[in-house]
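Here's a quick briefing to read alongside the model. Keep the 3D view open and follow along.

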Amino acid sequence: MARKARMLIAGPLEWQMSASPVSHPIIPVLAERGGTQLRTPLPVAVVDTREQIPLSFRRFKGWFAGVEMRALPLGDYSVAGMENTCVVERKDLADLVHSFTENRAVFIKRLRRMSELPHSLLVITAPLSQIKSVYPYGRRSNPNQVTQSLIAMLAGFRLPFVCTETHELGEEVVASYLYQTFLYDWLERNGHGRFLADGDL
């Protein structure tokens with residue numbers, strides 16, 4: 001019987017990766033036309049004054065022209081001039097669980113309003129594995145109910161959500177989403193088309 005050849009490089013399913021996020025880029029993305037970089041303005045991020053533990057965008061100085069703190073009609077974060085079209089709602093695990101249980105009716109109504117906007121995103125600063133695990137608070141809190149509510153929101157409202165392992169990764173995701181939403185909107189309004197480079201996204 002012939003011996004099975006030993007693989008020198010492990011298959012992808014055998015890879016063991018430990019989380020070690022790299023530093024954020026200088027700019028999330030660049031817009032080019034004909035191989036030339038466009039000179040595009042920077043957005044002004046807006047943080048709702050009711051956000052209890054607001055995300056900090058201080059690390060992303062090159063991404064924004066400024067940061068404003070003021071009441072938003074919906075959500076926790078937006079871009080100046082796009083408050084009625086771009087909304088980001090941010091939840092940590094405890095707040096997410098409370099929103100889908102004790103405060104469910106109000107939260108579902110808010111999610112429905114968000115789904116009616118062109119650009120909406122729910123960012124959860126907790127990994128999905130924690131959302132699906134037993135919670136240390138609230139006997140009425142059911143991990144399956146919360147997880148399936150998120151999937152129902154995605155399927156029924158077509159409202160996307162992103163889970164991040166840390167608060168810091170949540171900051172980067174929200175900052176990049178605001179930056180890129182503004183950039184695509186600016187490109188479209190100024191006749192450049194809704195893509196970054198020739199034939200690209």
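A residue is called buried when its relative accessible area is under 20%, exposed when that is over 50%, and partly exposed in between (1.4 Å probe, protein chains only). By that rule Phe-100 is buried, with a relative accessible area of 1%, and Phe-107 is buried too, at 0%. This is a predicted model, so local features need pLDDT of at least 70 and side-chain atom pairs count only at pLDDT 80 or more, while totals for chains, interfaces and linings use all residues. Residues are numbered from 1 along each chain as its sequence is written, and side-chain values use heavy atoms, with hydrogens and water left out.

**Aromatic rings**
- Rings of Phe, Tyr and Trp (its six-membered ring) pair if their centres lie within 6.5 Å; planes under 30 degrees apart are stacked, over 60 edge-to-face, and the rest tilted.
- That rule gives five aromatic pairs.
- One of them joins Phe-57 and Phe-64, which are tilted at 35 degrees between the planes and 5.5 Å centre to centre.
- Phe-100 and Phe-107 make an edge-to-face pair, with 5.0 Å between centres and 80 degrees between planes.

**Strand S6**
- Helices (H or I, at least four residues) and strands (E, at least two) are DSSP runs, numbered from the N terminus.
- Strand S6 covers residues 86-91, and six of its six residues are buried.
- S6 runs parallel to strand S7 (residues 119-124), and the two pair over six bridges (DSSP must find at least two for strands to pair).
- Arg-90 has Val-123 as its bridge partner in S7.

**The largest pocket**
- On a 1 Å grid over the protein atoms alone, a pocket is an open set of points where a 1.4 Å probe fits, with protein on both sides within 12 Å along at least five of seven lines; lining residues have an atom within 4 Å of a point.
- The largest pocket is lined by 20 residues, and Glu-51, Asp-76, Glu-89, Lys-91 and Asp-95 lie nearest its centre.
- S6, helix H1 (93-100) and helix H2 (104-115) are the elements that give two or more residues to this lining.
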